[in-house]
Amino acid sequence: MLYSSEQIHVEAHRLYGLLACVSKARESKWTLADCEQIAPYTLEINRIKKEKNAVILAHSYTTPDLVYGVADFRGDSFQLAQQARQTQADVIVFAGVWFMAETAKILNPSKKVVIPAGRAGCTLADSMTAQDVQNLRAQYPGVPALCYINSSAEVKAQCDACVTSGNVFDIAQKMPGNRLIFVPDLLMAQNIEIELKRRGSTKEIIACGGSCCVHDKYRPEDVEKLRADHPGIIVLAHPECAPEVCRLCDYVGSTKGMADYVACSSAKQFGLLTELGLVNRLEAEHPDKTFIWPFGVCSYMKKNNLLNTLQALVSPRPDQLVEVEEELSLAAKKSIEKMFELSK
Ligand code: SF4
């Protein structure tokens with residue numbers, strides 16, 4: 001990895017142009033010196049990426065050096081699944097957590113898929129097994145089952161369709177019958193029931209699973225404090241937050257939904273009840289707006305970094321190589337493809 005000082009200087013300025021408005025820690029922003037430090041790595045990753053015809057997909061919750069330094073596409077689970085479905089690359093490097101890389105592999109069984117963070121978990125995906133879904137389906141025969149995309153291939157394979165936070169309400173509404181099984185996010189299940197009621201549907205949601213360890217921490221007092229400290233602030237939340245939090249917010253939606261809301265709003269100050277990575281993306285993309293973030297970091301997403309991305313690209317460890325057994329992959333793919341069909 002030998003680059004001239006001129007190449008590093010040019011790369012550092014490219015990075016600084018993207019990251020200058022982004023928070024590095026609570027009180028400090030990315031500096032040119034920070035960008036000079038990471039420049040040799042971004043240069044090398046971008047060089048090898050071309051050599052191997054690889055594409056890097058980075059979830060918005062990973063760090064800004066990945067998102068803006070080396071990623072070809074950045075976004076939420078749904079956007080990245082769409083990109084994984086369309087890519088012509090030979091290798092997919094998925095900077096995210098395991099279930100996301102697994103989804104990319106299911107959509108591209110013949111491609112090499114690697115994940116820098118190795119088997120990075122997710123409290124939602126890890127809260128439910130295939131057997132749990134089978135038990136529910138046996139208990140409620142004939143009731144359709146949806147799973148949030150934050151679930152394992154085994155769980156997806158047991159469900160009729162999967163959903164993301166961007167399409168969950170519309171797909172839940174489209175499902176037949178008066179009852180619906182939803183796994184594995186208990187808080188999102190409550191939000192679905194409330195939203196469907198608002199839309200005039202009385203569908204009962206039968207839920208099982210856990211919660212997101214980032215979004216389940218927010219409390220109504222966090223919204224109240226944002227409003228008291230910053231009069232006129234617009235508060236946005238993710239539907240993985242508790243309903244009593246969501247009901248106090250101005251907008252509740254997916255990562256993409258929140259980004260679109262900010263882009264279309266004339267407001268200048270936003271409170272964000274979501275993961276730090278999205279806050280950093282909005283800082284980078286809307287330098288004229290201010291974002292107040294109480295707390296919330298996903299330690300699983302932050303396991304991805306430039307070093308392990310370079311290593312996964314050059315010579316992946318066994319735990320960074322994503323493989324899904326064929327029969328399971330085909331069954332899980334049905335549920336993912338059903339989502340694409342229902343979200344049209
Ligand atoms: S933020 Fe929550 S839902 Fe997303 S990967 Fe982390 S633990 Fe899972």
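**Figure 1. Contact between domain 1 and domain 3 in the predicted model.** In this predicted model, 15 residues of domain 1 are in contact with 11 residues of domain 3, two residues being in contact if their C-beta atoms, placed from the backbone, lie within 7 Å. On the side of domain 1 that touches domain 3, α1 (5–19) and α3 (64–69) each supply at least two residues. Helix α3 gives the most to that side, with 3 residues. By class, the residues of this side of domain 1 divide into 9 nonpolar, 5 polar and 1 charged. Here Ala, Val, Leu, Ile, Met, Phe, Trp, Tyr, Cys and Pro count as nonpolar, Asp, Glu, Lys and Arg as charged, and the others, Gly among them, as polar. The protein is divided into domain 1 (5–120 + 301–320), domain 2 (125–212) and domain 3 (215–292), with bounds that come from an automatic or database domain assignment. The C-alpha centres of domain 1 and domain 3 lie 25 Å apart. Residues are numbered from 1 along each chain as its sequence is written. Because this is a predicted model, local features need pLDDT of at least 70 and side-chain atom pairs count only at pLDDT 80 or more, whereas totals for chains, interfaces and linings use all residues.

Figure 2. Of the 13 residues around the ligand, Cys 122, Thr 123, Cys 212, Val 214 and Cys 298 come nearest. A residue is near a molecule or strand if its C-beta atom, placed from the backbone, lies within 6 Å of it. The shell around the ligand consists of 10 nonpolar, 2 polar and 1 charged residues.

**Figure 3. Helix α5 and the elements that cover it.** Helix α5 (residues 98–107) is largely enclosed by the rest of the structure, because 10 of its 10 residues are buried. A residue is buried if 20 or more other C-beta atoms lie within 10 Å of its own, exposed if 12 or fewer, and partly exposed in between, with C-beta atoms placed from the backbone. Among the buried residues of α5 are Trp 98, Phe 99, Glu 102 and Lys 105. Their cover includes β3 (54–59), α4 (77–86), β5 (91–95), β6 (112–114), α7 (153–157) and α15 (326–342). Helices (H or I, at least four residues) and strands (E, at least two) are DSSP runs, numbered from the N terminus.

**Figure 4. Helix α15 and its packing.** Helix α15 has 17 residues and reaches 24 Å from its first C-alpha to its last. This span is close to the 24 Å expected at 1.5 Å a residue, the expected span being 1.5 Å times one less than the number of residues. Ala 332, Ser 335, Ile 336 and Met 339 are buried in α15. An α-helix has 3.6 residues a turn, so residues three or four places apart point the same way. The buried residues of α15 pack against α4, α5, β7, α7, β8 and α8 (168–174).

**Figure 5. Strand β7 and its partners.** From strand β7 (residues 145–148), Ala 145 and Cys 147 point one way and Leu 146 and Tyr 148 the other way, and all are buried. Strands β7 and β9 run parallel and are joined by 3 bridges; strands pair if DSSP finds at least two bridges between them. Strand β7 also pairs in the parallel sense with strand β8 (residues 161–163), over 3 bridges. Cys 147 has Val 183 as its bridge partner in β9 and Cys 162 as its bridge partner in β8.

Figure 6. Val 183 and Pro 184 are joined by a cis peptide bond, with omega about -5°. Pro 184 is found in the loop between β9 (179–183) and α9 (186–198). Asn 53 is not a glycine, yet its phi is positive, at about 50°. The loop between α2 (32–51) and β3 holds Asn 53. Asn 53 counts as exposed because it has 11 C-beta neighbours inside 10 Å.

Figure 7. Ala 189 belongs to helix α9 and counts as buried, with 24 C-beta neighbours inside 10 Å. Leaving aside its neighbours within four places in sequence, Ala 189 is in contact with Phe 182, Ile 205 and Ala 207. Lys 24 is placed in strand β1 (residues 23–25). With 15 C-beta neighbours inside 10 Å, Lys 24 counts as partly exposed. Beyond its neighbours within four places in sequence, Lys 24 is in contact with Lys 29, Trp 30 and Asp 34. Lys 24 and Pro 64 are 40 residues apart in sequence and 8.7 Å apart in space, C-alpha to C-alpha.
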